[in-house]
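Hi,

Here is the structure I promised to pass on. My notes follow below it.

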Amino acid sequence: MGLWAAVHAERRGIETLLVDAGQIGCGASGGLLGALMPHMPDRWSEKKQFQFDALVSLEAEIAAIEEVTGLSAGYRRSGRLIPLPKPHLRKIALGHFEDAEAVWRTGERRFHWHVLDRPPGEDWIDPAAGESGFVHDTLAARVAPRSLVATLKAFLLAARHVRVLENTAIAALDPVRGMASIGGATIAFGHCILAAGYRSFPFLEEMTSGLKKPLGQAVKGQAALLVADIDPALPTIFRDGLYVVAHEGGHVAIGSTSENSFADPFSTDEQLDALIAAARDMVPALRDAPVIERWAGLRPKAIDRDPMVGAHPENQNLIALTGGFKVSFGLAHRLAEAAICIASDASIEFLLPESFGISNHIAVSSR
Ligand SMILES: Cc1cc2nc3c(=O)[nH]c(=O)nc-3n(C[C@H](O)[C@H](O)[C@H](O)COP(=O)(O)OP(=O)(O)OC[C@H]3O[C@@H](n4cnc5c(N)ncnc54)[C@H](O)[C@@H]3O)c2cc1C
C-alpha cells in the first residue's frame, strides 16, 4: 500500500519520504500467493465496481512500472477455476454467468464467468473435483508478490521525488505538530500516509477519542511454495478458501489459513500441511512436487472488514491506508491513489466506497 502511494506521489511530483521499519516488502506483502480474485458478479454494488475497476486497471499500472524498471512483476490474467461439487452449486453458478455478462465489462473489454462440464486444458485440476462442473472466470489474475514489491522498489529507488529509508521504525506520530519520531530523531511532515499494515491500527487508536473496540486486528495466514513442471498460464484454483496459484518458473503457491488467534505469528504448522495435502489431492501434478518454502504473515483486517482509507477526522494531515485484508494486491494502487489525492487536496477521479472511509470504521468501533 505504501509503495503504491509513493509511486503516485512521484508521478505527481510530491516530495516524499518512504519509511519502513524493516526491508521494503518484509510485511504481509512479501508472501507467496498474489491471487487477484474478483468478488462474485451478483448483487452488484459500488464496492464491487471499485474492485472491478481496480482489477482491470492494475494490468496497465504494472505494465507501466515494468517498462520503467525493466523488471517483471509476474503478473498474468490467468483466470480462476472453481470446482462445483454439487448440482445446486451449478445452478447458482449458471445464474452468475448472466450477472457477469451484465457487469464485468468496460467500454472495450469484457470478462466472463463460464460454467463448464470439464476443466479447460489437461494436467491441472482433477476433473473428479467438480462432479457438477467448473466455473472458469476470465477476470481473475495473479501477480508474484515479491517480484511486484521488487519492481515497485526499483521504481522508487530511481524516483526523483521519493527518498527511501529502510530499517527505520516510526516510534511515535504527532500529527498536530507534524512530527514522526524515529528513535532519538524526528521527521517533520506536511502530511503522513500511514500504511503500516496491521501495525497501523495501534497508531490510529491512540489518536482517536471515544473508541470502544480496536480499529482493526492482525489475521495470520500461512502459505507454501512448490515447484512443479506446470504451465504458468494455468488458472488459479479456488475451493473453500484453498488457493492453488500457478506462477512463472514452475512455481505453484498454495494458501491460505485464516487465524484470528495464534501463539506465534510467523511459524507454520499442521494447518498448512492440511492445505498442501488438499491441493495435492485436487491437482495430480502437485502430488510429488517438492515444497520449497513455508511462510506465514499477518494481514491487516479493519473492524468493518473493508479497507481503511482517508484523513483521520481528528488529525486531517494523517491519512490512513491499510485494512486490505485478503484483497490488497488488487486494490492497493487505487486506494493509494485516493490517499495521495487526499494528501494533496486533489479530487479523486473515481468513486471511493463510503464503507472504506476511516470515519466509517471509527463509527463502528465507537458503538
Ligand atoms: C498467507 C497470506 C496470503 C495472502 N494472499 C493474498 C492474495 O492472494 N491476494 C491478496 O490480494 N492479498 C493476499 N494476502 C493479503 C495481503 O498480503 C495483505 O493484505 C497486504 O500485503 C497488506 O499490505 P500492506 O501494505 O497494508 O501491509 P504490509 O505489506 O504488511 O506492509 C506494512 C509495512 O509497514 C512497515 N511498518 C510497520 N510498522 C512500522 C513502523 N512503526 N514504522 C515504519 N514502518 C512500519 C512494515 O515493515 C511493512 O513493510 C495474503 C496474506 C497472507 C498472510
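**Sheet and ligand site**

An open sheet of 3 strands runs in the order S8-S9-S10, with antiparallel pairing. (Strands are DSSP E runs of at least two residues and helices H or I runs of at least four, numbered from the N terminus; two strands pair if DSSP finds at least two bridges between them.) The edge strands, S8 (172-174) and S10 (185-188), each pair on one side only. S8 and S9 (residues 179-182) run antiparallel, joined by 3 bridges. Alanine 172 stands opposite serine 181 in S9.

This is a predicted model: local features need pLDDT of at least 70, side-chain atom pairs count only at pLDDT 80 or more, and totals for chains, interfaces and linings use all residues. Residues are numbered from 1 along each chain as its sequence is written, and side-chain values use heavy atoms, without hydrogens and water.

Now the ligand. Around it are 33 residues, of which Asp20, Ser29, Ile170, Phe325 and Ser328 come nearest (a residue is near if one of its heavy atoms lies within 4 Å). A polar side-chain atom of aspartate 20 lies 2.6 Å from a ligand oxygen atom. Alone, the ligand exposes 1,000 Å², and the protein buries 93% of that (Shrake-Rupley method, 1.4 Å probe).

S16 (291-302) is among the elements giving two or more residues to the shell. S16 gives the largest share, 4 residues.

Best wishes

Technical notes
Polar contact = N/O pair within 3.5 Å; in protein donor to acceptor, adjacent residues only side chain to side chain.
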